[in-house]
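Here are some friendly notes to read alongside the model. Take the points in order, and keep the 3D view open as you go.

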Amino acid sequence: MRLSGRALRISSSPTMAIDAKAKEMKARGLNVVGFGAGEPDFDTPKHIKEAAIAAIWGGFTKYTPVAGTVELKEAICNKFKLEQSLEYKPAQIVVSSGAKHSLYNALHVLVQEGDEVILPSPYWVSYLEQIKLAGAEARIVETWDDNGFKLTPDKLEAAITPRTRLLILNSPGNPTGAVYSEAELKALGDVIIKYDNILVIFDEVYEKLIYDGLRHINIASLSPELKERTVVINGVSKAYAMTGWRIGYTAATVSVAAAMADLQSHSTSNPTSIAQTASVAAITGDQEPVGRMVMEYARRRDYMMERLRAIPGVSCNRPGGAFYLFPNVKAFFGKSFNGNRINNATDLAAVLLEKMQVAVVPGVAFGNDDYFRISYATSMDSIKEGLDRITELLGKIK
Ligand SMILES: Cc1ncc(COP(=O)(O)O)c(C=O)c1O
């Protein structure tokens, strides 16, 4: 059977192999500690669930407008205004089935064959695959722990070609947790507005998960020109522990939003009516559960970072946001554990899983295999146990 060229361009997720193996080991009864999760381990707050249940009993179970209910779009506009002083009209908002879907729609209406998209690495793996799916080419710009995994204006400018159409920025970032400051975003924005035809996709899905008193800044809020050039992507998955509800949203110019809504009208139509009602409750309701989750993430991050930094050979940046650490493990490359040679983080992740039953995601999944990603969206007990095992194994690599 012939598959389309589009299908053949997609790479299967490099995290799949390790994930499948971890699941198979768990099924065999082994005590696997999983640090692979990209989702909160908390339950969705009660008032959000109650809003969804009321929507079901109230018969709110039919199609809604394709780009989302008026109520949800207005709640999103108010949120932008209150939190970032950004004025959007409901016609500039498109609600989709998760932020991943929002990104998919955005890329499909913005880029095509022959276009280039600047993608700072380490990147969230779906950006790369979605760029390819949209027919464009990723121009990857490497960033490293020595400057906090941040794209700099000179690197950005050097990556721009006549084919550049888009820059993707993600703050706080997955997998590094890097948070761009206002000054850093302003400097990148100054480069962008020098070029007439370059837009920015600004993914802020982790905006609420931010620590150490840092302030989340959206590049669109820095000037009216940048607002015109920015397609903001956000959603309720990470902030409100709502990954299964599948609600993401985009804020953009009216013409970009209309094109995205048209695309969505012929694929998924509206996101689930019930989940939209739940999202109104999430965005407009009590924010105290978010604060509680953030405090717990911060506690886990500090513990995990301290333990990782205490292991000889491991260095680890202090992430300002999200719920991942991205330690550098290059010092172990070229060495061996029980005759297994370690050449990169993929080899190290395989040995950790095989010998210690600890699942981490090798950095190759994010474009840099000198690191691995370890999620602290899991219980403190699992974190302690997992860190004991990682410390033991790394201590035996010679
Ligand atoms: C950086 C980033 N953007 C977007 C998403 C998509 O989130 P969702 O589709 O659950 O809204 C994720 C999920 O892992 C992510 O890490």
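Which residue in β5 is the bridge partner of E116? Keep that in mind for the first point, and remember that this is a predicted model.

1. **A pair of parallel neighbours.** The residue to look for is T164, which is the bridge partner of E116 in β5. This pairing belongs with the link between strand β3 (residues 116-121) and β5, which run parallel and are joined by 3 bridges.

2. **On to β6.** Strand β5 also pairs with strand β6 (residues 199-203): these two run parallel, with 5 bridges between them. To find your place, look for I168, whose bridge partner in β6 is I201.

3. **A buried helix.** Helix α6 (residues 125-133) has 8 of its 9 residues buried, so it too is largely enclosed by the rest of the structure. The buried residues include V125, Y127, L128, I131 and L133, and also E129 and Q130. Just after α6 comes G135, with a positive phi of about 90 degrees.

4. Elsewhere, 3 strands form an open sheet with antiparallel pairing, in the order β9-β14-β13. β9 (324-325) and β13 (361-362) are at the edges and have a single partner strand each, so one side of each has no neighbour in the sheet. Between β9 and strand β14 (residues 372-375) there are 2 bridges, in the antiparallel sense.

5. **Stepping back.** The chain as a whole has 14 helices and 14 strands. Its radius of gyration is 21 Å, close to the 21 Å given by the globule rule for 398 residues, so the chain is as compact as a globular protein of that length. Of those 398 residues, 55% are buried. Among contacts with a separation of 6 or more, 74% are between residues 24 or more positions apart.

6. **Surface and charge.** The accessible surface comes to about 17000 Å², with 53% of it belonging to carbon and sulfur atoms. There are 45 positive and 44 negative side chains, and the centres of these two sets lie 4 Å apart.

Definitions and conventions
Residues are numbered from 1 along each chain as its sequence is written. This is a predicted model: local features need pLDDT of at least 70, side-chain atom pairs count only at pLDDT 80 or more; totals for chains, interfaces and linings use all residues. Side-chain values use heavy atoms; hydrogens and water are left out. Helices (H or I, at least four residues) and strands (E, at least two) are DSSP runs, numbered from the N terminus. The radius of gyration is taken over C-alpha atoms; the globule rule is 2.2 Å times the number of residues to the power 0.38. Buried means under 20% relative accessible area, exposed over 50%, partly exposed in between (1.4 Å probe, protein chains only). Contact means heavy atoms within 4.5 Å. Accessible areas come from the Shrake-Rupley method with a 1.4 Å probe; for residues, only the protein chains shown count as cover. Lys and Arg count as positive and Asp and Glu as negative; His and the chain ends are not counted. The place of a charge is taken as NZ of Lys, CZ of Arg, CG of Asp or CD of Glu. Two strands pair if DSSP finds at least two bridges between them.
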